[in-house]
Amino acid sequence: MIVYDLSCDRGHRFEGWFGSSADFAEQKAEGLVSCPQCGSLAVNKAPMAPSVGKKGNQVLEVNGGTRGGPKGVSNTPMSPEVSAAIEKLAKAQAKALENSTWVGKDFVEQSRAMHYGERKHAPIHGEASVEDAKDLIEEGVPVAPLPLPIAPPEDVN
Ligand SMILES: [Zn+2]
């Protein structure tokens, strides 16, 4: 198994997992290697990042599993199709939230106020604890978890 640092023609960098260098060439030739960020097929090997280790718990290191809280991990390489599917989902979620306002921790209060007519209804999204979300649902307030975690707007860039 080989991990390649790849980059597309727009300069996005990502990792690709291949059985061998021949596999990479073959999949690239068949148009199976695409940039997870923009879908570009103009993908090439980037110079090796010095921070990527060659042995040991490389899998955990590359996806950030050793930092922060517990994350789902797998020792099976994710194909470019998986990355592309996640990217599609992220775009779909962003589109669904296009007209929605990020209200952060005020979500619980605001969605409840809207439900009880104390506030004009408007699409909002934000943060709620599992307990708060359960309470809202029990009160009949329509809430649904977002399929992907979302970064508060102030954290983006
Ligand atoms: Zn790209």
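Let me start with Phe24. Leaving aside neighbours within four places in sequence, Phe24 is in contact with Tyr4, Leu6, Phe18, Val33 and Lys45, where contact means heavy atoms within 4.5 Å. Before going on: this is a predicted model, in which local features need pLDDT of at least 70 and side-chain atom pairs count only at pLDDT 80 or more, while totals for chains, interfaces and linings use all residues. Residues are numbered from 1 along each chain as its sequence is written, and side-chain values use heavy atoms, with hydrogens and water left out.

Phe24 belongs to the largest nonpolar core, nine residues made up of Tyr4, Leu6, Cys8, Phe14, Phe18, Phe24, Val33, Cys35 and Val43. A nonpolar core here is a set of buried Ala, Val, Leu, Ile, Met, Phe, Trp, Tyr and Cys residues joined through side-chain atoms within 4.5 Å. Buried is under 20% relative accessible area, exposed is over 50%, and partly exposed is in between, with a 1.4 Å probe and protein chains only. Strand 1 (2-8) and strand 2 (13-18) each supply at least two residues of this core, and strand 1 gives the most, with three. Helices are DSSP runs of H or I with at least four residues, strands are runs of E with at least two, and both are numbered from the N terminus.

Apart from this core lies another, of eight residues, among them Val103, Phe107, Val108 and Ile124. As background, nonpolar side chains in soluble globular proteins tend to be buried together.

Back to Lys45, one of the contacts of Phe24. Lys45 lies in strand 3, residues 43-45. Is Lys45 buried or partly exposed? Lys45 counts as partly exposed because its relative accessibility is 45%.

Next, helix 4. The buried residues of helix 4 are Phe107, Val108, Gln110, Ser111, Ala113 and Met114. What covers them includes strand 4 (101-104), strand 5 and helix 5. After helix 4 comes Gly117, with a positive phi near 70°.

Helix 4 also gives the largest share of the lining of the second largest pocket, four residues. That pocket holds about 570 Å³ of space. Of its 28 lining residues, Phe107, Gly126, Val143, Ala144 and Pro145 are the closest to its centre. The elements giving two or more residues to the lining are helix 4 (107-115), strand 5 (124-126) and helix 5 (130-138). For the method: on a 1 Å grid over the protein atoms alone, a pocket is an open set of points where a 1.4 Å probe fits, with protein on both sides within 12 Å along at least five of seven lines, and lining residues have an atom within 4 Å of a point. Points are joined across faces, edges and corners, and the volume is the space filled by probe spheres set on them.

One more residue, Leu97, in the loop between helix 3 (80-96) and strand 4. Leu97 is buried, with a relative accessible area of 15%. Leu97 touches His125, Leu146 and Ile150, not counting residues up to four places away.

Finally, the whole chain. The chain has five helices and five strands, in the order β-β-α-β-α-α-β-α-β-α from the N terminus. Of its 157 residues, 26% count as buried.
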